[in-house]
Amino acid sequence: MTILFYIAAIIAIISTIMVITRANVIHALLYMVVSLLATAVMFFLIGAPFIAALEIMIYAGAITVLFVFVVMMLNLGEEAVKQEKQWLSFSGWIFPAFLSLILLLEVIFIISSSGSVPVSGKVIDPKLVGQSLFTTYLIGVELSAILLLAGIVGAYHLARRKKKVVHRFLELEGAEE
Amino acid sequence: MYDFLWLVPTLPFLGFLILALFGKKLGKTLSAFVGVGSIGIAALITILIGIRFLSSPPEGDAFVQTLWTWIAVDRFNVNIALHLDALSLVFTFVITFVGFWIHLYSVEYMADDESFSRFFAYMNLFVGAMLLLVLGDNLLLLYLGWEGVGLCSYLLIGFWYKDSANGYAARKAFIVTRVGDAAMAIGLFLLFYSFGTLNIEQILTQAPQTWSVGNNLAVIATLLLLGGAVGKSAQLPLQVWLPDAMAGPTPTSALIHAATMVTAGVYLIARMHGIYELAPVSMLVVAIVGAATLLVAGFAGITQVDIKRVLAYSTISQIGYMFLALGVGAWSAAIFHFMIHAFFKALLFLGAGAIILAQHHEQNMFKMGGLAKALPVTFWTFLIGSGSLAALPLVTAGFYSKDAIIWFAWSGEGGNIYLWAAAVFGAFITAFYTFRMVFVTFFGQQKIDVSHFPKWTIHVPLIVLAFFALFGGFIELPGTMGHFTLFSDFMKSALPAIEETAHENVSLEYFSQILTAVLALVSIYLAYVLYLKKQQIVTNFTDTSFGKGLQQFFLSGLGFDWLYERLFIRPYVWIARTNKRDFIDLFYVFLPWMSRQFHYAFSYTQSGKVRRYILGIALGAVVSITIVVIL
Amino acid sequence: MSSISLNTGLVIASILFFLGFLGVMIRRNILFMLISVEIMLNAAGLAFIFAGARYNAPDGQVMFIFILTMAAAEVAVGLALLIQVYQKFKTLDSDAASNMRG
Amino acid sequence: MSETLYYLLIIVGVLVVMLSIAALLIWYERRMLALWQDRYGPNRVGPFGLMQVMADMVKIFFKEDWIAPFADKWVFIFAPTIIVVAVLLGFAVVPFAPGIVVADMNIGLLFFLAMSSLGAYSILLGGISSNNKYSLLGSLRGAAQVISYEVFMGISLMGVVILSDSFSLVKIVEAQKNMWFVIPQFIGFVIFFMAGVAETHRAPFDLPEAESELVAGFHSEYSGMKFGMFFVGEYLGITLISAMIATFFFGGWLGPSFLPPIVWFFIKTFAFITLFILLRASLPRPRYDQLMSLGWKILLPLSLLNLLATAAIKLAIGG
C-alpha cells in the first residue's frame, strides 16, 4: 500500500510538472487529469474513498472537462502552440522557479521541524462526512450553495454574447462590444 | 413666579427665530410687534420675578433652574441652567427693561430701513444671548452668551454692510474682542483644570479652600478672565474698537455699546469676585486699568467732533469707573454705577439718535447747533442725561453713583489717593466734554433744518429713561447724606459689602464730595465759556502747532490705533507677506506630495499584468516565510 | 496498514502547491494560469485530507468538499471571463488585458 | 493464495465475458433492428449470420491504421482507449452474483459514476485531436451532453442510496430482497435510464455522432482498430448501463431460485440492452437544444424533487 502511495505521489508530481510546462493546452489538461487521478489514488489509500470518487467525478470529470470544453470553443490552432512555446522562454521561468523552490524548501523545513506522525489510514465513512457537513458545517454548506448560485449567474452573465442589433453588414468595424 | 425664569431668555430667542425665518413675510408692523413684544414680555416677567425676589428672597438668596443637560463627558458635566441672584437680577432687569425701551425707540428710528426685520432679529438675538450670559449658572454657558453677544455686536456694527467702512469697523470690533476672548477661554480651561467644574457656585465655594490668598494660579486665572473683560468692556488696552463700533445703528449703540454688552466685563469680574479676592494683585490691576481707561477715554472725548464718538469715549470712561470700583473692592458701587450708567447712557444715545435723525444723519456736532428750540423734549431729556453723566451734584442719579466710586477709590480696601485723584480728575473732564457737546449741539445758531420731528415712540423711551437717570440714584445715598443703602443691602446677598470703616472719616468724605461737585460745576462753566461765549480761545489754541498736534492726538483716541497699527498690524501684515508661500505649510504640502509620489510608485506596480502581481506575492511570501523560518 | 506519515503527505501537497504556484508565475496564457490555480487548490485539498486522516476526523474531507465547491464556481466564472477576453482581444495573453478602461 | 487466484479468475472472466458480449452485441443489434424494421439483417456468415461478428473483427483489425496528418497524433491514439478502459473499470464494481464481483467497494456507486464521467474524455479528445470541424462540433455536443446528464444521473441514484443506506452495490442489491427499487424509485429509474442513454450517446441521444448532421461526429477521422475501440466502448457502455439498471432498480442477481443468480442478472441486463436497441429503432433524434432543455429544465428538477421526497419519507418512516 505504501509503495502504491508513493508511486501515485510520484506520478502526481511528474504529471503536474508536465502540466505547467506543456505548450499544448490539451496535452496539459490530459496530464492534469492524470495528476488528479493519481491524487485520487492517494486519497483512496489514506482512507478517504469518498473524496477520491469526488475528485474523479468533479475535478477530473467536470472541472477539467469544462476546461477542455472551453479550449474547444476557442478553437486554438497551431499558432497558439507556437505562441505558447515562445512565451515559455528560459529566462522567463528561471527566476520564478528559483523563488518557488526557496518557498518549497522553507515550507518543507517548517513541516519537517515538527514530529512525524503516521496517518491512521482508517477509512472515514461518507456517512460521517455527510453528518458533519449538515451539522457542524451547515453554514458552510449554505454559503457554498450561495457561492455556486453566484458563480452560475456570474458565469452566465459574463459569457453571454451581446445580441447584435444591426445586420452584420451594416455594423461598423469594432462596434461589436 | 421663579419657574417662569426660563421664559426670560427664551422669548427673545423665539422672537429671533420668528424674525429670522419669516421676517420678510411678516412686514414691518408685525416684525415690530414680534421684536418689541418679546422683549416687553420678558421685561414684564423680569419685573414680576424681581418683585417676588424683593418680597421673599429664595432660599440661599439664589434661584437655580436646571433646564437640561448640555454636555456630559466623564467628569465634564455642563447643564443648561439658569442662576438668579441679586447680581444677575439687576443685570437681567437692566437688559430687559432698558432693552425694551430701546426696542420701542428703534421702531421709529429704523422705520425707513429696508432690513427692518433683520435689525429686530439681531436685536432679539442679542438680548437672548446677553440674558444667557448673565443668567448662566456655569462659565461655559456664560461663554456661549459671551460669544453670542459678540456675534450680535459684529452683525449690528456691520448692519449697513453695503458701506465697506462699516464692515471694517465690525471686523475690528470682532477681532479686538477676540483677543480678550481667547484669554478668557484659557482662563476657563485653567479654572476647569483647577476645580474640575465650570459651575460658578462650585468654583466660588471651592476657590478659598483650594487657593490661598495670592496664589499664582489664582492671579493667572483672574488676569486671564480680566483679559476677556477688558476686551468686551473696551478697557485699556483693548478699547480701540468701541469708537469705531459707532458705525452701527444708534439703537444698537445705545443697547449694546452703552447699556449692556460692554458691561459684561463688569459682570464677569463681579460674578467671579470670589477668586478676585484671592488675588490682590489682579484687583490692583483691575483698578489701575479702570483709572487709566477713564483718563485716556476722557482726554480723547474732549476733542471729538462726532456726537456718537463723544458718547462712545464717555462710555469707555464710565466703564473705567466701574472697573476702578471693582478693583478697590467696592462691588456694589460698581453695579450701582452700571445700572445708573445704563439709564443715562442709553438715554444719551437715544437722544443723540433723535438728533441725528433730525439732522439728515449728520453726526458732526459742529455742523449742528440751536436744536434746543426745535426739539424741546429731546433737549431736556438729553440735558438730564448729560447732567447725570457729568454728575451734577444732588439732583442727578449719576452724582450718587459716581460719588460712591470716587470715595471708595480712596477709602475702599484697595483704594489710595492716586486712584482717587484720577477719579476726581476724570469727573472733571467728563463734565467738560459732556457739556461741550450739549452747548455745541443745542445752543447757538441752527445750521441744518430739522427734517424729522420725533413721535411718541421716541419720546416715551426718552422720558422714561430720563426719569430713571434723574431719580434712580436715590435708592443709594452716601454716608454723608443720610446713609441710605437700599441698593447695597440688596446686593449684599450676592456680593461682599464694603466695610463700614470706609465711612468713618466723615470730614474727608465731605471734602471729596464738595471737591467733585465744585469741579463739575467749574468744568461746565469752562465748557460754556470755551464753546459758547469765546470760541476764539479754542480756535486760537488749536491754530498753534502744539495745539493742533494735541488736538490730533486726542482726536485719535491718544494714538492707540496708530500704535497698534505700528505694533501689531504692520508686523503681522509683513509676516503674512513674507510668508506668502507659507513655509509652515511646506511641511503639509510635503505630506501630500510624498503620498502622491508613493502613489505614482505604487501605480507603476499596478501594471495590470497578473504575473507581476503573483511574482510580488511570491516575493512577499519568501520574505515572510523566511522570517518565520529564521526566527 | 500504512506507514505514510502526515509530514510526507504535507510535503507532497506543498510540492504540488508550489508547482501550481510556479505555473501561475511562468505562464502568460490565462488558461494555463487557471489550470495552475486549480492545481494549487487541489494541493490545498490534499493537505486537508492528510490532516483529516491524521486525526481520523471527517473535517478534512468536509473542507475538501468546500474547496471543490469553490473551485467549481471559480472555474465557471474564470472560464466565462476567459471567453470574453478572447473575444475582445483575440488572444489569451494575460498581459493583453492589462489596461483598464472606464 | 487461492483467494488471489480466485480474484484473478474473476477479473479475467469479467474481461473476457464483457468483451465477448460487446462483440456479440454488434450482431445482436443488427439482427434486432432488422427484425423491428421488417428485414433480415446479417444472415449469410455462419448460422443466423453469427460469424458476421468475426468477419467484422477481421476487417477492422486488418484495415490500414491511418492517422490523419493534421491530427494531434498522441491524443488521437490515446482517445479511444479511454472509453474502453473507463467502462471496463466500471464493471469492476458490478455484482454479477453473490461473490462474483471484482471489487465490492463501499463507494461502488460513486466509482461507477466517476468512471462514466471519465468516459467523456474519449469523445472530447477524439473530437479535438482530429482537427476536423465535424469532429469538433460532435465532441462539443458530446462534452456538453455528457457532463450535463452526469449531474442528474448521480442525483437520480441518490434515492437508491437513501433506501439502501449504502454506496456499495452488493448492499444495494441485498436491500432489494423484499422489493425492487424500481417501485419506490420509479422516477429515479426513468431519469437514470434517460441519463444512461445520453451518457452512452445512443440513439435517440446520439447527437455527438449524428451521421446525418456531422458525418460521424467525433470519430469521423477514425478507422481501423481505433474506430473499433470506440465501437466496442459504446457497446460496453450499453452493457454497463443495462447492468447498472438491473443492479440499482431490478434487484440485480435476485430472482426465483429455479435459475442461478448469475443467469437472472444476465437476463435482466439483456432485457435492458434490448430496450436500448428498441429505442434506436423507434425514436427520432431530438434537436440539440431540445436535449439540453429536457435535461436541465425537466430532468434535473425532477431528480431533485425525487431525492427530496425520498429523503423526507425515509426520515418520516425510518427516522
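This note covers the interface of chain C with chain A, then one proline in chain D.

1. This is a predicted model; local features need pLDDT of at least 70, side-chain atom pairs count only at pLDDT 80 or more, and totals for chains, interfaces and linings use all residues. Residues are numbered from 1 along each chain as its sequence is written, chains are lettered from A in the order in which they are written, and side-chain values use heavy atoms, without hydrogens and water.

2. Start with chain C and chain A. In contact (heavy atoms within 4.5 Å) are 71 residues of chain C and 81 residues of chain A.

3. The buried area between these two chains is about 7,100 Å². That term is the accessible area (1.4 Å probe) that two parts lose on being put together, summed over both. Carbon and sulfur atoms give 76% of the area.

4. Which helices of chain C supply at least two residues each to the side that touches chain A? They are H1 (6-26), H2 (30-55) and H3 (59-89). Helices here are DSSP runs (H or I, at least four residues), numbered from the N terminus. H3(C) gives the most, with 25 residues.

5. By class, this side of chain C has 46 nonpolar, 17 polar and 8 charged residues. Asp, Glu, Lys and Arg count as charged.

6. Now chain D. D:Pro301 lies in helix H11 (residues 288-318). D:Pro301 counts as partly exposed because its relative accessibility is 34%, between the limits for buried (under 20%) and exposed (over 50%), with a 1.4 Å probe and protein chains only. D:Phe152 is 149 residues away in sequence, yet the two C-alpha atoms are 8.9 Å apart.
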